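Student: I would like to go through this model term by term. Please set each label against its definition.

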Amino acid sequence: SVDVAAARECGIPVCNVPDYGTEEVADHAIALTLALCRQLFPLDQEARRLGWTIRVEPKLRRLRELTFGVVGLGRIGTAAALRAKALGFKVVFYDPYLVNGVDKAVGVQRARTLEELLRRADVLSLHCPLTEETHHLIGERELALLKPSAFVVNTARGAIIKKAAILDALRSGRLAGA
């Protein structure tokens with residue numbers, strides 16, 4: 001969002017701080033994942049109504065039985081993957097730009113295609129940059145490959161997911177939460 005050319009013309013240096021926020025964004029991705037998997041907000045609302053009928057039980061999930069799928073295993077994606085692994089998730093990632101062996105170094109599994117990752121993921125966590133290639137990376141076709149019980153967490157850029165597609169998947173029950 002910064003006009004680098006205009007800044008240069010005015011003699012204003014522009015720099016990138018790539019490690020800024022890595023831990024915080026990874027923490028937030030895990031917090032959102034836990035809120036979805038453990039149905040934190042619906043259960044909080046139920047408790048506030050002083051009722052104890054758990055209406056969200058089918059969506060209440062045990063972490064050790066779930067696969068945490070990561071799109072983009074850069075700094076933030078790796079930090080989120082390691083946190084998910086520590087919580088007991090099976091962790092699988094898709095990143096076509098990483099060399100072979102990263103999966104072994106980090107101790108997670110690699111999906112060779114986005115389609116493979118989508119079919120396996122119980123939680124899809126997005127950690128890729130917004131580029132021409134990733135704009136609407138997740139649309140109707142991709143969401144249809146997810147399990148109806150899957151959750152989507154996007155702490156990357158909003159336009160990586162096609163907004164109308166995810167809203168339709170949520171409204172129709174083809175996706176458990178986002």
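Student: In what order do the elements of the chain run from the N terminus on?

Tutor: They run α-α-α-β-α-β-α-β-α-β-α-β-α. That gives eight helices and five strands. The model is predicted, so local features need pLDDT of at least 70, side-chain atom pairs count only at pLDDT 80 or more, and totals for chains, interfaces and linings use all residues. Residues are numbered from 1 along each chain as its sequence is written, and side-chain values use heavy atoms, with hydrogens and water left out.

Student: What makes a stretch a helix or a strand here?

Tutor: Both are DSSP runs, numbered from the N terminus: helices are H or I with at least four residues, strands are E with at least two. Helix α7 covers residues 140-145. Strand β5 covers 151-154.

Student: Why is the contact between E46 and R49 called a salt bridge?

Tutor: The term needs a side-chain nitrogen of Lys or Arg within 4 Å of a carboxyl oxygen of Asp or Glu. E46 and R49 meet at 2.6 Å, N to O. The pair therefore qualifies. Side chains of opposite charge can pair when their charged atoms come close.

Student: Are E46 and R49 buried or exposed?

Tutor: Buried means under 20% relative accessible area, exposed over 50%, partly exposed in between (1.4 Å probe, protein chains only). E46 has 7%, so E46 is buried. R49 has 51%, so R49 is exposed. Over the chain of 178 residues, 41% count as buried.

Student: What is the N to O distance between E65 and R62?

Tutor: It is 3.9 Å, and the pair counts as a salt bridge. E65 is partly exposed, at 47% relative accessible area.

Student: Which parts does the pair E140 and K162 tie together?

Tutor: Their side chains form a salt bridge at 3.3 Å, N to O. E140 lies in α7 and K162 in the loop between β5 and α8, so the pair ties together parts 22 residues apart in sequence. E140 has 43% relative accessibility, hence partly exposed. K162 is partly exposed too, at 29%.

Student: How many salt bridges does a search of the whole structure find?

Tutor: The search finds 13. E23, D27 and R83 are linked in a network of them.

Student: What makes an open space a pocket?

Tutor: On a 1 Å grid over the protein atoms alone, a pocket is an open set of points with protein on both sides within 12 Å along at least five of seven lines. In a cavity, a 1.4 Å probe fits but cannot get out. Lining residues have an atom within 4 Å of a point. The largest pocket has a volume of about 670 Å³. Its lining has 27 residues, with H127, C128, P129, L130 and A156 nearest the centre. Helix α4 (residues 75-86) gives the largest share, three residues.

Student: How do the lining residues of the largest pocket divide by class?

Tutor: There are 16 nonpolar, seven polar and four charged. Ala, Val, Leu, Ile, Met, Phe, Trp, Tyr, Cys and Pro count as nonpolar, Asp, Glu, Lys and Arg as charged, and the others, Gly among them, as polar.

Student: Which residues line the second largest pocket?

Tutor: Among them are L32, V152, N154, G158, K163 and A178. The elements giving two or more residues are α2, β5 and α8. The classes are eight nonpolar, two polar and one charged. This pocket holds about 180 Å³.

Technical notes
Grid points are joined across faces, edges and corners, and a volume is the space filled by probe spheres set on the points.
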